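The sequence and the structure come first, and the text follows.

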Amino acid sequence: LHDASNSLGEIEARETADLGTTVDRVNTILQNIQLNNSAISTQKNSLSTTDSAYFSPNELMDRQNLLLDELSKYTNISVSQNPDKTVNVSFVNADSTETQVVNGADTSSKVATLSNKDANNKDANNKDTTTLTLTTYTKQSDGTFKASDPAAFSSKSGTLKSYVDVLTGNGAKATAAGEGTTQG
């Protein structure tokens, strides 16, 4: 029983570390999308001649598409393109609501950040409390950014949902709020 318990503990630690690495990668992708938005906007504005349709920042837009493709593997996203070819990106929550994480039209804005709580955080019943939280930022009139309170984020699909399901899934025995019905 001790060996089985130790093995399960090692698996939980590995899955938690993998979730942390994935969350870091998602944040890096969001930052890179924002950097690309800024570069696309700058190039698009510097090519504002009547012939600029032939000189759009194609390489940057191709890179943007690759970043969006990779991000969509981690969670369900919604993307819209602005007239200046920058993109707005929103995470689609499990309840199908959307939270904007990149505002392409405002290339000086700060992107949202995703984080995860340590899986060793247990509630009173020793149940796992691993959750994802999302912090968004609002630009203030003085140019600084105000962070929102971290809000729970429940991914509708993708790698992030899989990690949380493995760490919190209690299968058919799920009874407490926040427990997944997927067998973890």
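The model is predicted, and its pLDDT averages 79 over the chain, with 76% of the residues scoring at least 70.

The chain contains 3 helices and 8 strands, which follow one another along the sequence in the pattern α-α-β-β-β-β-β-β-β-β-α. Among contacts with a separation of 6 or more, residues 24 or more positions apart account for 50%.

| Confidence in the chain | Element | Residues | Mean pLDDT |
|---|---|---|---|
| Highest | strand 1 | residues 77-81 | 94 |
| Lowest | strand 6 | residues 137-139 | 79 |

The largest nonpolar core has 26 residues, of which I33, L71, V89 and F91 touch the most other members. Two or more residues of this core come from each of helix 1 (2-46), helix 2 (58-74), strand 2 (87-92), strand 3 (98-102), strand 5 (132-135) and helix 3 (159-168), and helix 1 gives the most, with 6 residues. In soluble globular proteins, nonpolar side chains tend to be buried together.

Which residues does I33 touch, not counting those up to four places away in sequence? The residues in contact with I33 are Q64, L67, L68 and L71, together with V87, V89 and V102.

Note on methods:
Residues are numbered from 1 along each chain as its sequence is written. This is a predicted model: local features need pLDDT of at least 70, side-chain atom pairs count only at pLDDT 80 or more; totals for chains, interfaces and linings use all residues. Side-chain values use heavy atoms; hydrogens and water are left out. pLDDT is the predictor's confidence in each residue, from 0 to 100. Helices (H or I, at least four residues) and strands (E, at least two) are DSSP runs, numbered from the N terminus. Contact means heavy atoms within 4.5 Å. A nonpolar core is a set of buried Ala, Val, Leu, Ile, Met, Phe, Trp, Tyr and Cys residues joined through side-chain atoms within 4.5 Å. Buried means under 20% relative accessible area, exposed over 50%, partly exposed in between (1.4 Å probe, protein chains only).
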